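Please examine the sequence and the three-dimensional structure shown below. The paragraphs that follow lead from the overall form to individual residues.

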Amino acid sequence: MELEIYQVDAFTKVPFKGNPAAVCIVEEGSAVTDDQMQSIAMEMNLAETAFVMKREDGMQIRWFTPTDEVDLCGHATLASAFVIWKKGEVAVDQPIQFQSQSGTLICRQDSGVVEMDFPALKAVPSATPDGLLDSMGIGSGIVSRSCFDYLIEVDSESVVRNCSPDFEKIRKIETRGVILTSQADGGSPFDFVSRFFCPEIGINEDPVTGSAHCCLTPYWAKKLGKKKMIGYQASQRGGIVEVELSTDRVLLKGSAVEILKGKLFL
């Protein structure tokens with residue numbers, strides 16, 4: 001069996017920036033097992049590999065890191081929508097609906113910018129688990145918890161950018177990952193900055209994380225009194241995410257660049 005496979009850099013207009021994702025297209029009638037999906041994701045060795053499965057009732061999407069299946073992934077969804085439109089499977093002026101473990105995810109395109117309609121993930125104040133701040137190498141921070149991750153707000157952008165976490169210590173904390181964030185410096189084009197660490201699911205630092213922005217958006221919307229904002233994820237690759245809070249949903253906007261395409265042989 002052969003599968004079409006693509007690699008796309010998401011949340012960027014520049015090749016080799018943003019967050020790379022592999023996208024595998026599984027045609028209707030083709031059968032790929034969970035074990036095969038996990039093996040393919042391990043072979044691709046990217047933060048996430050998305051599997052888009054065509055069905056009579058629409059498209060299903062699943063996401064795998066090199067070690068685990070995850071319930072929600074923004075950048076690989078953006079990459080998948082980008083591929084579907086480019087292949088002509090859906091007209092560029094029409095939305096794409098993906099059925100996922102996090103419900104229906106809707107993607108739209110406007111002048112090459114992809115807008116994703118995702119669930120908002122509320123972060124609530126939390127007790128600080130033992131070792132959390134130490135794992136980040138910081139002395140203090142405001143700690144919250146979403147359904148997926150811990151979120152730590154620190155008082156300066158430099159703390160976020162210069163953080164050098166201990167990934168072995170993070171693995172000992174019961175969480176998918178840790179979001180480190182601060183308000184952007186004055187004069188910046190961004191409203192907030194962040195980084196995301198998730199060694200428990202095989203990714204020490206994710207370059208640009210859509211699902212983390214599902215949490216960051218309502219968090220900073222409340223703090224800053226704004227519904228539309230621009231976030232910058234300050235990883236080594238870096239990426240820009242335009243966000244908007246809409247009741248219990250988050251709109252995430254970003255661009256994408258195709259890096260390669262080919263055939264995968266099973």
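A compact globule of 266 residues would have a radius of gyration near 18 Å, and the protein, in this predicted model, has 18 Å, so the two agree. Taken along the principal axes, the box filled by the C-alpha atoms is roughly 55 × 35 × 30 Å. The secondary structure comprises six helices and 18 strands. Of the 266 residues, 55% count as buried. Among contacts between residues at least 6 apart in sequence, 63% join residues that are at least 24 apart.

The surface and the charges may be taken next. The protein exposes about 11800 Å², and 47% of this area is supplied by carbon and sulfur atoms. There are 26 positive and 37 negative side chains, and the centres of the two sets lie 5 Å apart. The structure holds 18 salt bridges.

Which side chain meets Glu258 in a salt bridge? The partner is Lys86, with an N to O distance of 3.7 Å. This pair links distant parts of the chain, 172 residues apart: Glu258 belongs to strand S18 (residues 256-265), and Lys86 to helix H2 (residues 74-87). Glu258 counts as partly exposed because its relative accessibility is 23%, while Lys86, with a relative accessible area of 53%, is exposed.

A further salt bridge joins the side chains of Lys253 and Glu115, at 3.8 Å from N to O. Here, too, distant parts of the chain are linked: Lys253 is in strand S17 (residues 249-254) and Glu115 is in strand S8 (residues 113-119), 138 residues apart. Lys253 has a relative accessibility of 28% and therefore counts as partly exposed.

Asp191 and Lys226 form another salt bridge, in which the closest N and O atoms are 2.5 Å apart. Both residues lie in loops, 35 residues apart: Asp191 between strand S12 (177-183) and strand S13 (192-198), and Lys226 between helix H6 (210-224) and strand S15 (228-233). Is Asp191 buried or exposed? Its relative accessible area is 14%, so Asp191 is buried. Lys226, at 34% relative accessibility, counts as partly exposed. Salt bridges also link Glu4, Glu27, Lys54, Lys87 and Glu89 in a network.

Two serines can now be considered. Ser255 is located in the loop between S17 and S18, and strand S18 is the strand that holds Glu258. With a relative accessible area of 12%, Ser255 is buried. Which residues does Ser255 touch, not counting residues up to four places away in sequence? They are Asp9, Ala10, Phe11, Thr12, Lys13, Leu78, Gly112 and Val113.

Ser135 is found in helix H3 (residues 132-136). Its relative accessible area is 0%, and Ser135 is therefore buried. Apart from neighbours within four places in sequence, Ser135 is in contact with Pro165, Asp166, Lys169, Ile170 and Ile173.

Lys13, one of the residues touched by Ser255, sits in the loop between strand S1 (2-10) and strand S2 (19-26). Why does Lys13 count as exposed? The reason is its relative accessibility of 68%, since exposed means over 50%. Leaving aside neighbours within four places in sequence, Lys13 is in contact with Ser255 and Val257. Lys13 and Val113 are 100 residues apart in sequence, and their C-alpha atoms are 9.5 Å apart in space. Val113 is also among the residues that Ser255 touches.

At 78% relative accessibility, Gly29 counts as exposed. How many residues separate Gly29 and Tyr150 in sequence? They are 121 residues apart in sequence, and 40 Å apart in space from C-alpha to C-alpha.

Note on methods. Residues numbered from 1 in each chain as written. Predicted model: local features only at pLDDT ≥ 70, side-chain atom pairs only at ≥ 80, totals over all residues. Heavy atoms only, no water. Helix = DSSP H or I, 4+ residues; strand = E, 2+ residues; numbered from the N terminus. Rg over C-alpha atoms; globule rule 2.2 N^0.38 Å. Buried < 20%, exposed > 50% of the residue type's maximum accessible area, 1.4 Å probe, protein only. Contact = heavy atoms within 4.5 Å. Areas by Shrake-Rupley, 256 points an atom, 1.4 Å probe, with all protein chains shown as cover. Lys, Arg positive; Asp, Glu negative; His and termini not counted. Charge placed at Lys NZ, Arg CZ, Asp CG, Glu CD. Salt bridge = Lys/Arg side-chain N within 4 Å of Asp/Glu carboxyl O.
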